[in-house]
Amino acid sequence: MTREGQVVGWEESAVSLYLIKGQYRIVRSQPDGDSVHFFPGAPDAFTRLHLDVRLGAGGAAQLRLDAIDALETHYTPPGHGGHTLHQPLELAHAAGARLLALLGFSDVVRKGEVVTSASPDATPGYILTRFGDKYGRPVSFAFAGDIDRPDLEPVFTDSALLKTSVNHRLTAEGLVYPTFYSKLYPDLRATLTEAADAAREAKAGVWGPDATTSGASIHAQEDLSERLVIMPKLFRRLAEYYALAPGDPSLAGFPSYMATLNDRLYVISDAHATGFDTVVEVAGDTVRLTKPITDLIFMEG
């Protein structure tokens with residue numbers, strides 16, 4: 001690949017991510033605990049870096065914060081005419097509020113999930129990224145403030161730098177679930193795993209009520225939104241399954257439904273690639289993961 005006439009070799013980029021400087025703006029958007037609007041200072045930043053990213057009105061990129069997944073505040077199962085659902089909102093909103101505070105916003109006012117005002121209008125920041133996901137969102141580590149590095153250049157991203165990202169800070173505070181994908185560098189994954197393990201041991205944030213591996217008993221579909229705290233990726237699959245039969249809480253067909261999906265992952269402890277369905281267990285009205293969340297690496301879709 002070339003960048004402004006310079007050849008970028010594997011040896012240069014293998015342990016680096018691209019630095020993009022810009023601003024965060026949140027008014028008239030719906031930021032949650034793992035997604036926020038970012039406006040690059042160079043309007044053509046993603047094009048110049050050959051990243052497949054789609055920009056919205058005014059040049060906004062909808063970030064997908066790498067390696068973390070916050071409880072859902074507004075999720076609509078695709079393709080089934082399902083209603084918009086959420087997970088327990090106290091923790092979901094706590095993650096979103098903390099993200100905005102870490103990025104420098106205060107006095108945030110929302111109408112529903114939409115931010116109607118905040119102070120200031122924009123805050124400076126930067127992201128480290130190297131690809132966009134299938135929805136055109138840059139998969140990023142996000143940071144507040146500035147950095148003394150040239151814009152649009154690769155930056156060696158080690159554990160020390162990662163720990164200053166909002167991704168790591170939200171993980172360390174237990175406000176989000178770690179959710180690892182195949183393009184995440186192993187050393188960065190190890191640092192995030194350490195933070196997540198410490199938060200889980202302390203039962204911080206989501207980890208106090210978490211039922212992902214202990215077992216979530218579902219007596220009514222509303223339990224997903226009002227009572228149960230589970231890994232958001234598992235929540236989304238359950239929401240999609242229930243959208244096929246609104247009102248019926250039975251999990252009897254969930255294993256077969258999961259087996260029809262192309263959710264591939266790698267189980268670290270088993271050194272084995274498999275399907276998401278193989279680590280999901282159903283017993284009566286209870287569903288759980290049979291492996292720790294940090295033992296799983298999901299394949300990018």
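**Close-up views of a predicted model**

One cavity of 30 Å³ or more is counted in the structure, which is a predicted model. The views below start with this cavity and then turn to aromatic rings.

**View 1. The largest cavity and its lining.** The volume of the largest cavity is about 60 Å³. Its lining is made up of Leu 17, Asp 66, Leu 128, Thr 129, Arg 130, Phe 131, Val 139, Phe 141, Lys 183, Leu 184 and Tyr 185. By residue class, the lining holds seven nonpolar, one polar and three charged residues. Strands β10 (122-132) and β11 (138-144) each contribute at least two residues to the lining. The largest share, four residues, is supplied by β10.

**View 2. Lys 183 over Phe 131.** Both Lys 183 and Phe 131 are among the residues that line the largest cavity. Lys 183 is placed over the face of Phe 131, and its distance from the ring centre is 4.4 Å.

**View 3. Arg 25 over Phe 39.** Another charge over a ring involves the charged end of Arg 25, which sits over the ring of Phe 39. The distance to the centre of the Phe 39 ring is 4.0 Å.

**View 4. The pair Tyr 241 and Tyr 257.** Ten aromatic pairs are found in the structure. In one of them, the ring centres of Tyr 241 and Tyr 257 are 5.8 Å apart and the planes stand at 45°, so the pair is tilted. Tyr 241 belongs to helix α8 (residues 232-243) and Tyr 257 to helix α9 (residues 254-259); the two are 16 residues apart, and the pair links distant parts of the chain. Tyr 241 counts as buried because its relative accessibility is 13%, under the cut-off of 20%. Tyr 257 also has a relative accessibility of 13% and therefore counts as buried.

**View 5. The pair Phe 254 and Tyr 257.** Tyr 257 also forms an aromatic pair with Phe 254, and this pair is stacked. The separation is 6.4 Å centre to centre, with 25° between the planes. Phe 254 and Tyr 257 are three residues apart in helix α9, so about one helical turn separates them. Phe 254 has a relative accessible area of 0% and is therefore buried.

**View 6. The aromatic cluster.** Four residues, Tyr 241, Tyr 242, Phe 254 and Tyr 257, form one aromatic cluster. Within this group, the pair of Tyr 241 and Tyr 257 is tilted, whereas the pair of Phe 254 and Tyr 257 is stacked.

Note on methods
Residues are numbered from 1 along each chain as its sequence is written. This is a predicted model: local features need pLDDT of at least 70, side-chain atom pairs count only at pLDDT 80 or more; totals for chains, interfaces and linings use all residues. Side-chain values use heavy atoms; hydrogens and water are left out. Rings of Phe, Tyr and Trp (its six-membered ring) pair if their centres lie within 6.5 Å; planes under 30 degrees apart count as stacked, over 60 as edge-to-face and the rest as tilted. Buried means under 20% relative accessible area, exposed over 50%, partly exposed in between (1.4 Å probe, protein chains only). A charge sits over a ring if NZ of Lys or CZ of Arg is within 6 Å of the ring centre and within 35 degrees of the ring normal. On a 1 Å grid over the protein atoms alone, a cavity is a set of points where a 1.4 Å probe fits but cannot get out, and a pocket is an open set with protein on both sides within 12 Å along at least five of seven lines; lining residues have an atom within 4 Å of a point. Grid points are joined across faces, edges and corners, and a volume is the space filled by probe spheres set on the points. Ala, Val, Leu, Ile, Met, Phe, Trp, Tyr, Cys and Pro count as nonpolar, Asp, Glu, Lys and Arg as charged, and the others, Gly among them, as polar.
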